[in-house]
Amino acid sequence: MPKPMSKPAAPTAYVCGSCGARAGKWHGRCPDCGAWNVMVEEPDRTAGGARFDPAAAEPARLYAEVDPVATERLSSGFAEFDRVLGGGIVPGSVVLLGGEPGIGKSTLLLQAAALVAAASGPVLYASGEESAYQIKDRGQRLGVGRAPVYLLAETCLERILDEVERLRPALLIVDSIQTTVSTVLQSAPGSIGQVREAATRLLFAAKQRNLPVFLVGHVTREGSLAGPKVLEHVVDTVLYFEGERHHSQRVVRAVKNRFGAVSELGVFEMTGAGLLPVPSPSRLFLSERAASVPGSAVLSAVEGSRPLLVEVQALVSTGAYGTARRTASGIDHNRLSLLLAVLEKRAGLSAVGEDVFVNIAGGLTVSEPAADLGVVAAIASSLRDRRIAEGTAVFGEVGLGGEVRSAGRAELRVREAAQLGFTRCVVPAGDAARTTAPPECALRGVGSVEEALAALAE
Ligand SMILES: Nc1ncnc2c1ncn2[C@@H]1O[C@H](COP(=O)(O)OP(=O)(O)OP(=O)(O)O)[C@@H](O)[C@H]1O
Ligand SMILES: [Mg+2]
Ligand SMILES: [Zn+2]
């Protein structure tokens, strides 16, 4: 519950995000540069709201004299989660966990809180979204038990920091950053000023005390983290918790990590007793597919910065009507026509007079050229009524001459496929030459559509 704001501890200023001009009150339009909606509240450091104490500042140190610290990572209690973090929780790091409403962010972090508390000492779980009773209720379902987890139903940043001071926890969880407000600012919870202030102060606290901090972040309809972009820059690690509400699979992935590789995945299953780690996600993933039927190909795509394995389904059937139909869902219709023409001219596979349906399973849309080879593979497989060898993933752009061209981020795609249990990737020859695949996944480079189809049938 947001409390009525008490008088601010220090005066604040509004600063233009565009030109840096300062003003004593909020303006819809910057009085200096005239930009709209750019004024953001900030604590006025010139008027005693200082956060930086010059007396406590350290002088610059010679690189060679800085001792390398062997950072002992903390385990979250879940190997699946630790891997995404780059091998556990780094002391003093701030991790932002984003995800859609109801996906299970609080569940995951409460489970981790209990496991960390049992192994490493007290954990402070501050929630501005739920009461201690609600959290306890969830905890009972999850079997939290007697581990030293402290619950604090609080939105006030300063109160949370006071409790950190008092309890000296091994881990701090703040659920969520958007509900956390500082009394230093007058802006509403969730405003750019408040979110930035809370994140920055928590970051200071984390670095000062070597305290690891998890922040829950809300995600907008478009799927990006709500709040200022700067939030993602401030924190050390940004994780997304994803899954379809009506399915039990959940995936945690890193999109930024100062302490490890991104594109690592942690896979969980949501159950009544909370999240269960899924150590071999390929099984879970493949269970969604009708056990390798003709016309089904697995494509290793990249969405934004994120690798994503999707199933391309094709069905070629003799048209009942005079005109052949071409139906594409999840891929561009014109691209489908082009790929059908390439298949006919360059690989001698004709679908003339036949109905062709192509679908990306799960209602996804794939727009990148690297999807071409997945589409071609699925169509050819349906046309020939021959299954694609089990455990094979593909990607690659197809040119008009039937050549298979390199796709970007080959390494990312191959690693994702390997992680999901695929043992072979049929990829553009150019990419195969440049990519080091994990030992459990063999690369098969192909230069043309014909070569690709031969490789897929092996
Ligand atoms: N008894 C139950 N059995 C199985 N699953 C449950 C049960 N109770 C809750 N859940 C699952 O937990 C989900 C809620 O998880 P949680 O509250 O951790 O999500 P959240 O990401 O923190 O959401 P919000 O953004 O609203 O805080 C529900 O959507 C549901 O799928
Ligand atoms: Mg929650
Ligand atoms: Zn301005």
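Trainee: How many residues of the shell around ligand 1 are nonpolar, how many polar and how many charged?
Mentor: First, this is a predicted model, where local features need pLDDT of at least 70, side-chain atom pairs count only at pLDDT 80 or more, and totals for chains, interfaces and linings use all residues. Residues are numbered from 1 along each chain as its sequence is written, chains are lettered from A and ligands numbered from 1 in the order written, and side-chain values use heavy atoms, with hydrogens and water left out. Ala, Val, Leu, Ile, Met, Phe, Trp, Tyr, Cys and Pro count as nonpolar, Asp, Glu, Lys and Arg as charged, and the others, Gly among them, as polar. The shell then splits into 3 nonpolar, 6 polar and 5 charged.

Trainee: Which of the 14 residues around ligand 1 come nearest?
Mentor: A residue is near a molecule if one of its heavy atoms lies within 4 Å of it. Of those 14, the nearest are Gly102, Gly104, Lys105, Ser106 and Thr107.

Trainee: How far is a polar side-chain atom of Ser106 from an oxygen atom of ligand 1?
Mentor: Think polar contacts here: pairs of N or O atoms within 3.5 Å. For the side chain of Ser106, the distance is 2.7 Å.

Trainee: Which element gives the largest share of the shell around ligand 1?
Mentor: Helices (DSSP H or I runs, at least four residues) and strands (E runs, at least two) are numbered from the N terminus. Helix H2 (105–120), helix H3 (132–142) and strand S11 (265–271) each give two or more residues to the shell. The largest share, 3 residues, comes from H2.

Trainee: Is Glu163 buried or exposed?
Mentor: Glu163 lies in helix H4 and touches Leu124, Leu152 and Arg168, not counting residues up to four places away in sequence (touching is heavy atoms within 4.5 Å). Buried means under 20% relative accessible area, exposed over 50%, partly exposed in between (1.4 Å probe, protein chains only). Glu163 has 12% relative accessibility, so it counts as buried.

Trainee: Which residue's side chain does the Glu242 side chain join in a polar contact of 3.1 Å?
Mentor: Glu242 is found in strand S9 and is partly exposed at 22%. Its C-alpha atom is 6.1 Å from that of Gly99, 143 residues apart along the chain. The side-chain partner in the 3.1 Å contact is Arg253.

Key: Polar contact = N/O pair within 3.5 Å; in protein donor to acceptor, adjacent residues only side chain to side chain.
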